[in-house]
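This report looks at how two chains meet and what lies between them. Please keep the sequence and the 3D view at hand while reading.

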Amino acid sequence: MSADFAHELKRHEETDARDGLSRVARARIVLWLGPGTVLGGVLWAVLQPWRLTLLHPGGQGVWWLLVEPPLYVIAVGLIFRLVIAPGVAEDLLDEEPRR
Amino acid sequence: MIVAGLMPQAEFVHWWFATGFLMLGLVLLAEAVVGPEVWRKRAWRPYLWPSLCFAMGILMWPVMTFFTNSAIHMVAHGSWAEVLMLCGAAELGVARGKLHSQYWRLTSSLALVVSGTAFLVHEQNAWLFSRAAFLHHTLGWTALICAVFPFVLAFRPRSLVAATGFATFFVLLAVLLYCDRDVAPVFGHFSQFAGVPHR
């Protein structure tokens with residue numbers, strides 16, 4: 001067995017874990033990471049509304065008005081979903097299926 | 001005194017870093033799910049998480065300068081800055097092709113070991129002293145345990161379990177940092193020496 005062939009065989013053996021999921025399922029997971037994060041941020045905002053000082057801005061200092069952690073979580077989810085995830089899912093679905 | 005009034009509170013800085021780590025975790029999770037070949041299909045993507053890591057290392061230096069009030073605190077923050085930059089730089093080198101050995105990935109493992117140790121060493125109080133103390137202990141042990149994931153990735157770069165574990169570590173790190181408050185109880189426990197809790 002040549003070294004190249006052995007290496008290729010090894011690579012295919014190691015891809016088994018990912019091959020267990022179809023490309024469509026993996027694309028869905030990637031596309032749902034962002035909305036899942038947004039949902040986490042929304043839940044946090046509902047459970048601890050006092051963390052959103054914009055809802056009750058009276059008497060708050062400038063830092064307390066600028067720092068809104070649940071909104072940060074929502075922003076991360078949105079950026080990931082709108083900027084990163086579509087290209088990743090597209091590349092995954094365009095990938096040639098392995099023999 | 002005026003400068004102290006203008007400075008953001010330490011918990012705000014923890015939440016900013018939590019936001020960065022959350023993005024880092026999502027990026028690594030996506031890479032783990034699709035695999036390295038698909039991830040590298042666009043030239044900019046392999047640089048994404050190493051750049052974020054490196055940038056957070058740079059941003060840790062002003063945190064070390066302005067937000068530490070003891071030598072051990074300063075050393076801990078300095079070590080986080082160094083290992084974040086080291087890990088980011090090594091991964092950037094691998095992504096660019098300047099570094100060829102896959103064993104450069106061991107720098108990520110080293111970064112987690114150093115970070116975890118720094119968390120544990122610089123926290124002088126017991127677990128239930130306050131929420132910050134509890135989180136420092138939790139973060140330290142989590143980083144030390146999760147150092148095994150990048151270690152495995154250095155030898156088995158396609159391991160789904162190791163890649164997912166490494167990514168999940170950053171999401172967990174973000175959650176724990178978001179839980180941080182400057183002075184707050186944890187599970188109903190709060191030392192009388194910890195200060196006055198607020199919101």
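The model is predicted, and local features need pLDDT of at least 70, side-chain atom pairs count only at pLDDT 80 or more, while totals for chains, interfaces and linings use all residues. Residues are numbered from 1 along each chain as its sequence is written, and chains are lettered from A and ligands numbered from 1 in the order in which they are written.

The largest nonpolar core has 66 residues, and those with the most contacts inside it include Val30(A), Phe21(B) and Leu26(B). Helix 2 of chain B supplies the largest share of this core, 16 residues.

Chain A has five helices and zero strands, helices being DSSP runs of H or I with at least four residues and strands runs of E with at least two, numbered from the N terminus. Of its 99 residues, 20% count as buried. Among contacts in chain A between residues at least 6 apart in sequence, 71% join residues at least 24 apart; a contact requires C-beta atoms, placed from the backbone, within 7 Å.

The contact between the chains takes 24 residues from chain A and 22 from chain B. On the side of chain B that touches chain A, helix 2 gives the most, with 11 residues. The table divides that side by class, with Ala, Val, Leu, Ile, Met, Phe, Trp, Tyr, Cys and Pro as nonpolar, Asp, Glu, Lys and Arg as charged, and the others, Gly among them, as polar.

| Class, side of chain B that touches chain A | Count |
|---|---|
| nonpolar | 14 residues |
| polar | three residues |

Helix 5 (residues 69-94) of chain A packs against helix 2 (residues 10-34) of chain B at an angle of about 20 degrees, with the axes 10 Å apart. These two helices are therefore roughly parallel to each other, a term for angles under 35 degrees. Among the residues that meet are Val76(A) and Phe80(A) in helix 5 of chain A, and Leu22(B) and Leu26(B) in helix 2 of chain B. The residues of this helix contact divide into 16 nonpolar, one polar and no charged. Leaving aside neighbours within four places in sequence, Leu26(B) is in contact with Leu33(A), Thr37(A), Val76(A) and Phe80(A).

Terms used:
A residue is buried if 20 or more other C-beta atoms lie within 10 Å of its own, exposed if 12 or fewer, and partly exposed in between; C-beta atoms are placed from the backbone. Two residues are in contact if their C-beta atoms, placed from the backbone, lie within 7 Å. Axes are lines fitted to C-alpha atoms, for helices over the stretch in contact, and angles run from 0 to 180 degrees between N-to-C directions. Angles under 35 degrees count as roughly parallel, over 145 as roughly antiparallel, 65 to 115 as roughly perpendicular and the rest as oblique. A nonpolar core is a set of buried Ala, Val, Leu, Ile, Met, Phe, Trp, Tyr and Cys residues joined through C-beta atoms within 7 Å.
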